[in-house]
Amino acid sequence: MKWFNTLRHNRWLEQETDRILDFGKNAAVPTGFGWLGNNGQVRSDMGTHLWITARMLHVYAVAANMGRPGAYTLVEHGINALNGPLRDKQHGGWYACVNDEGVIDASKQGYQHFFVLLGAASAVTTGHPQARKLLDDAIEVIERYFWSEQEQMCLESWDEAFSKTEDYRGGNANMHAVEAFLIVYDVTHDRKWLDRALRIASVIIHDVARKGEYRVNEHFDTDWNPIRDYNIDNPAHRFRAYGGTPGHWIEWGRLMLHLRAALEARFETPPEWLLEDAKGLFHATIRDAWAPDGADGFVYSVGWDGKPIVRERVRWPIVEAMGTAYALYTVTGEAQYEAWYQKWWDYCIKYLMDYENGSWWQELDTNNEVTTKVWDGKQDIYHLLHCLVIPRLPLAPGLAPAVAAGLLDSQAK
């Protein structure tokens with residue numbers, strides 16, 4: 001049974017895309033895009049986070065390129081928020097979190113700034129007149145504060161005034177830097193963004209994770225030595241979980257295949273390890289994290305022995321797994337990847353998709369019942385967009401540029 005690149009499956013993906021885009025538009029608040037609760041209403045107590053606002057700018061830039069009425073207005077709303085309430089006009093960069101009264105968290109987080117870079121680059125593809133200036137500003141901040149020429153990697157965070165950086169290097173922030181760098185390359189055609197993406201992947205995946213059975217380490221010291229016991233007392237941390245976070249392993253696999261495709265589009269021969277390691281990451285994720293306790297679903301985190309630590313099933317890992325399955329099928333043509341893709345969609349429609357309140361549940365327990373141990377609410381629709389749109393596109397150029405170029409469903413028959 002074939003789903004990939006068929007009009008019948010793509011029509012279903014299109015319907016679900018419209019459903020989640022309709023849900024997501026409720027997030028618009030005066031300061032940007034808010035934190036959506038399980039009922040689809042903004043939770044004002046959570047404030048307006050930079051990462052959510054930037055990701056939703058990216059989402060609605062894609063939607064605008066898909067010709068969705070109202071999406072361009074939301075692109076403008078996101079740009080205005082990044083140029084307004086979330087912008088630090090004194091020290092530069094963007095605040096981590098604000099609300100109607102002012103700044104809640106003034107720190108400058110790399111993870112969040114890389115989403116500003118992604119959102120701005122995606123917005124450029126819509127033709128919005130302020131998007132390129134926003135992208136140029138984001139690039140300037142990344143170049144000045146977050147890309148380390150000495151380390152040839154990305155720094156994690158700074159205080160409000162960019163006077164002190166953290167003595168910690170994060171794999172999660174660097175992974176999302178790779179994601180953003182790929183889209184910035186598509187928009188600017190500046191080769192250095194591909195070089196930087198390749199460098200980051202080579203350190204975190206090819207040099208470290210490959211030697212550890214593809215259990216990706218995300219916590220490093222300033223010399224890029226892994227810190228294996230980081231957050232051992234806070235294993236369910238949303239952004240810096242102890243041990244391995246398999247959802248990131250499989251997400252890395254897709255990003256590496258996008259990078260591989262970008263190099264091939266330049267008529268270059270990509271390193272063989274990009275595909276080899278993408279396969280390794282995919283199968284390691286299934287090995288350690290898929291139904292290790294008997295019930296279907298990906299556990300949130302595992303130890304360095306591959307045993308589950310936080311057994312809750314969070315939404316985004318399976319979403320990213322489906323995108324990586326498509327990417328690996330696109331490159332290899334192997335039926336096993338489509339089989340996993342179909343199996344995971346069956347799981348999602350049974351347990352995660354919420355047709356009563358909208359969107360998808362964010363977290364399930366070991367019995368696949370809704371819970372809130374790690375996440376509470378349905379924050380945004382960024383990850384969901386990936387499993388709904390990426391399986392309808394070639395691997396290069398990236399998401400928003402590809403949709404803007406009219407490549408959506410171009411491979412369907």
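Contact here means heavy atoms within 4.5 Å. The model is predicted: local features need pLDDT of at least 70, side-chain atom pairs count only at pLDDT 80 or more, and totals for chains, interfaces and linings use all residues. Residues are numbered from 1 along each chain as its sequence is written, and side-chain values use heavy atoms, with hydrogens and water left out.

**View 1**
Arg-392 sits in the loop between α12 (382–389) and α13 (399–404). Helices (H or I, at least four residues) and strands (E, at least two) are DSSP runs, numbered from the N terminus. Arg-392 has a relative accessible area of 1%, so it is buried. The classes are buried (under 20% relative accessible area), exposed (over 50%) and partly exposed (in between), with a 1.4 Å probe and protein chains only. Neighbours within four places in sequence aside, Arg-392 is in contact with residues including Asn-10, Leu-13, Thr-17, Met-66 and Tyr-326. Glu-14 and Asp-409 are also among its contacts.

**View 1. A network of salt bridges.**
Salt bridges link Glu-14, Asp-18, Arg-68, Arg-392 and Asp-409 in a network. A salt bridge is a side-chain nitrogen of Lys or Arg within 4 Å of a carboxyl oxygen of Asp or Glu. The whole structure has 34 salt bridges.

**View 2. A pair in helix α5.**
Arg-144 and Glu-140 form a salt bridge, 3.1 Å from N to O. Both lie in helix α5 (residues 131–146), four residues apart, about one turn of the helix. Arg-144 is exposed, at 53% relative accessible area. Glu-140 is partly exposed, at 43%.

Glu-151 and Arg-169 join their side chains in a salt bridge (2.9 Å, N to O). This pair links distant parts of the chain, 18 residues apart. Glu-151 is in the loop between β7 (147–148) and β8 (153–154), and Arg-169 is in strand β10 (residues 169–170). Both residues are buried.

**View 3. A pair in helix α8.**
In the salt bridge of Arg-260 with Glu-264, the closest N and O atoms are 3.6 Å apart. Helix α8 (residues 246–265) holds both, four residues apart, about one turn of the helix. Arg-260 is buried, with 17% relative accessible area. Glu-264 is partly exposed, at 38%.

**View 4. Cysteines without a disulfide.**
The structure has zero disulfides. A disulfide is a pair of cysteine sulfur atoms within 2.5 Å. The cysteine sulfur closest to that of Cys-348 belongs to Cys-387, 6.6 Å away, so it is too far for a bond. Cys-348 is buried, at 0% relative accessibility. Cys-97 is buried too, at 5%.
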